[in-house]
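Here are a few notes to go with your first look at this structure. Keep the view open as you read, and find each residue as it comes up.

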Amino acid sequence: MHPDVQEVLVSKEDIEKRCRELGQIISQDYAGQSLILIGLLKGSIPFLAELMKHIELELEIDFMDVSSYIGTQSHEVRIVKDLTTAVTHKAVLIVEDIVDTGKTLRVVMDLLDSRNAQSVKVATLLDKPANRLVEIEADYVGFTIPPKFVIGFGLDFDEKYRNLPYVGVLKESLYR
Ligand code: IMP
């Protein structure tokens with residue numbers, strides 16, 4: 001285990017098993033449709049890569065980078081990199097690493113809706129419902145976790161730890 005990790009919350013094996021299950025459910029739900037997976041950079045990359053292996057459909061992938069920051073007046077969400085593919089009349093599945101307050105997802109869902117996607121749903125590796133500030137739920141959830149700061153499998157602290165093969169709780173002494 002990495003020395004900065006207090007405890008492993010979700011193991012590599014559990015992530016792989018859950019991605020296989022979610023892939024099968026998504027394959028059934030979207031049978032006969034033209035699906036596009038939209039990964040939100042950078043945290044969704046390992047989850048998207050694992051999940052798509054288990055989706056048995058013809059699909060496209062694209063990426064969007066959305067930065068979220070606390071300004072002096074409000075919590076703002078800005079599109080840093082937009083899609084290169086049109087989503088008009090396509091079934092869109094947004095792929096996220098974690099849904100925390102829900103603000104990022106709200107902005108991205110509204111944007112894709114305004115571009116006339118056929119449908120817009122969300123798959124997230126992790127869900128932290130205790131911190132939600134916006135009424136929003138993911139359609140496919142890997143694991144529901146307590147309101148702790150986690151790293152690994154795409155999730156970072158200060159751009160580090162994204163490469164850990166599991167999800168762990170960061171030692172509090174490193175950010176307090
Ligand atoms: P939201 O808009 O508050 O839902 O923010 C979601 C984004 O916040 C995620 O895509 C992550 O980048 C980041 N985030 C939220 N919780 C954590 C965490 O525990 N560890 C690392 N990043 C997190």
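Which elements each supply at least two residues of the shell around the ligand?

1. **The shell around the ligand.** Before anything else, please keep in mind that this is a predicted model. The elements to look for are β5 (91–99) and α3 (103–114), each of which supplies at least two residues of the shell. The largest share comes from β5, with three residues. In total, 14 residues surround the ligand, and the closest are D97, T101, G102, T104 and V150. Sorted by class, the shell has seven charged, four nonpolar and three polar residues.

2. Now look at the oxygen atoms of the ligand. One is 2.5 Å from an N or O atom in the side chain of T101. At G102 the backbone takes part instead: one of its N or O atoms lies 2.9 Å from a ligand oxygen. The side chain of K128 has an N or O atom 2.9 Å from an oxygen atom of the ligand. Taken alone, the ligand exposes 500 Å², and the protein buries 82% of that.

3. The largest nonpolar core has 27 residues, and F47 and L126 touch the most other members. Several elements supply at least two residues each to this core, among them α1 (12–29), β2 (35–41), α2 (45–52) and β6 (119–127). There is also a second, separate core of 20 residues, which includes V66, I94, L105 and V134.

4. **L126 and its contacts.** Leaving aside neighbours within four places in sequence, L126 is in contact with V10, D97, I98, V99, F143, I145, V150, L155 and V167. Two names on that list, D97 and V150, are also among the residues closest to the ligand.

5. **The loop between β2 and α2.** S44 lies in this loop. Is S44 buried or exposed? S44 counts as buried because its relative accessible area is 0%. Beyond four places in sequence, S44 is in contact with G39, V95, E96 and D97. K42 has its place in the loop between β2 and α2 too, and a cis peptide bond joins L41 and K42, with omega about -5°. That deserves a second look, because most peptide bonds are trans.

6. **D156 in the loop between β8 and β9.** D156 has its place in the loop between β8 (150–151) and β9. With 22% relative accessibility, D156 counts as partly exposed. Its side chain reaches the backbone nitrogen of E159 at 2.7 Å. A polar contact of 3.5 Å also joins the side chains of D156 and R162. Not counting residues up to four places away in sequence, D156 touches F149, I151 and R162.

7. Most residues other than glycine have a negative phi. Which way does phi go at D158, positive or negative? Phi of D158 is positive, near 60°. E159 also has a positive phi, of about 70°, although it is not a glycine. D158 is found in the loop between β8 and β9, and E159 lies in that loop as well. D158 counts as exposed, at 63% relative accessibility, whereas E159 is partly exposed at 47%.

Notes
Residues numbered from 1 in each chain as written. Predicted model: local features only at pLDDT ≥ 70, side-chain atom pairs only at ≥ 80, totals over all residues. Heavy atoms only, no water. Near = heavy atom within 4 Å. Polar contact = N/O pair within 3.5 Å; in protein donor to acceptor, adjacent residues only side chain to side chain. Areas by Shrake-Rupley, 256 points an atom, 1.4 Å probe, with all protein chains shown as cover. Helix = DSSP H or I, 4+ residues; strand = E, 2+ residues; numbered from the N terminus. Nonpolar A, V, L, I, M, F, W, Y, C, P; charged D, E, K, R; others polar. Core = buried A, V, L, I, M, F, W, Y, C linked by side-chain atoms within 4.5 Å. Buried < 20%, exposed > 50% of the residue type's maximum accessible area, 1.4 Å probe, protein only. Contact = heavy atoms within 4.5 Å.
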